[in-house]
Amino acid sequence: MSASLREKPLLLCPGGKEDFVRVRRRDLERLSTEVMQLREFLPKVVNKELMELLHRAQSTHTVQEKLQQECVHLQSRLDAQQTQCQREREEKLLLREQLWQSGVELQQQADFCSTLGSAACGLLWSCSAQEYTVSLWVADGKLPSFLTVAAQTLESFVRSLDEETKTQTEDPSSQEHQFVLALAGSITNIAAVTCGRDFLASSAHVLLDTLLKLLELMKPGVFPKLKVLMLMCLYNVSINVDGLKYISENQSLLPVIWTLLEDGHWEVGLHSLRLLQSVLLDEQVVLQLSSALLDPDLRARVDRLSSSAQPNLRAAAQQALEDLQQVRRLRPETT
């Protein structure tokens, strides 16, 4: 009977208030064993640490979801920033192109202004060679404004030279340099006319001070033509008694002459000697500057030029030595 029961499957028998199930004893024993094992081992497995681990896993999953959301948000912002960056880069390239084009146009305008200024001042230089023209300028009353602009322009030109440019010689093809030369030449021609010389001596002291200051700033051997024109202007002004008195009161006059005597360019040396001789011809000025004029260093520099291969420079230096000797005679007590 037991064998026949083992072979029969489980049956559900309806009837009464409850339902019954037939289970094989072996299966029931196995189930009981498994339940007992679960009761024994389950508390060991499902403990506080496991619950905490599950809680942590759930929290980690929640954090991961938040991080993913933030990542999506950041990625969206990154895409927007990259788009904006690309747009700004394109705008920057466009602005750079516009800036380059503006630079080209500005340089073209500067070149045009330099060319125009050079041509205009060239005409002005030529016109100033006529005494009648200078007289008209003085009578017209507009000469002061011109001389003010001229002084500012010359100073700006000299001060704008960097150290590299100062060591170079003139570039005859430079419109800017031709413009400055023509400007200085026009001032020199104004000083060569009596009425112009009188005007400069009485009403252009700023210009005269500027010329001495610029001659002091310029290094030896740099732009000798410009130095020559400025020295010629000062020499022309020194012909006027008031003009000589004014420039001789400038403490930079003799130091400038001393420096330019060793400039290295013979024309600069020649016109420095002529300016020195103009100073030496006025007894009042000589008495005023006698201590500096009797300085042995000044005489030594003039003496070196008296051996120059340039005839004009050599003759001017020899004459200057004689004039310096006359100064010594005025101060016989000086050794």
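Predicted model: local features only at pLDDT ≥ 70, side-chain atom pairs only at ≥ 80, totals over all residues.
1. The largest nonpolar core has 69 residues. Those with the most contacts inside this core are L147, L154, L200, L226, L273, L293 and V302. As background, nonpolar side chains in soluble globular proteins tend to be buried together.

2. Leaving aside neighbours within four places in sequence, V302 is in contact with L261, L273, L276, A317, A320, L321 and L324. Of these partners, L273 is also listed among the core residues with the most contacts.

3. Helix α12 spans residues 253-260 and is mostly covered, with six of its eight residues buried. The buried ones are L253, L254, V256, I257, W258 and L260. Which helices cover them? The cover includes α9 (205-217), α10 (224-238) and α11 (241-248), together with α13 (266-280), α14 (283-293) and α15 (296-305).

4. Helix α10 also holds V237. V237 counts as buried because its relative accessibility is 0%, and buried means under 20%. Beyond four places in sequence, V237 is in contact with A191, R197, L200, L208, G243 and L244. V237 and V193 are 44 residues apart in sequence, and their C-alpha atoms are 9.6 Å apart in space.

5. The count of salt bridges comes to nine. One of them joins the side chains of K227 and D263, at 2.5 Å from N to O. K227 lies in helix α10 and D263 in the loop between α12 and α13, so the pair ties together parts that are 36 residues apart in sequence. Both K227 and D263 are buried.

6. R301 forms a salt bridge with D297, with the closest N and O atoms 3.2 Å apart. Both residues lie in helix α15, four residues apart, which is about one turn of the helix. Are the two partners buried or partly exposed? R301 counts as buried because its relative accessibility is 18%, whereas D297 is partly exposed, with a relative accessible area of 32%. The R301 and D297 pair is part of a network of salt bridges that links E262, D297, R301 and R304.

7. The side chains of R24 and D27 meet in another salt bridge, at 2.9 Å from N to O. R24 counts as partly exposed, because its relative accessibility is 33%.

8. Which helix gives the largest share of the patch? Helix α2 (residues 25-45) does, with three residues. L28 is placed in helix α2.

9. S308 lies in the loop between α15 and α16 (311-330). Is S308 buried or exposed? S308 is buried, with a relative accessible area of 16%. Not counting residues up to four places away in sequence, S308 touches L313 and R314.

Technical notes:
Residues numbered from 1 in each chain as written. Heavy atoms only, no water. Helix = DSSP H or I, 4+ residues; strand = E, 2+ residues; numbered from the N terminus. Core = buried A, V, L, I, M, F, W, Y, C linked by side-chain atoms within 4.5 Å. Buried < 20%, exposed > 50% of the residue type's maximum accessible area, 1.4 Å probe, protein only. Contact = heavy atoms within 4.5 Å. Salt bridge = Lys/Arg side-chain N within 4 Å of Asp/Glu carboxyl O.
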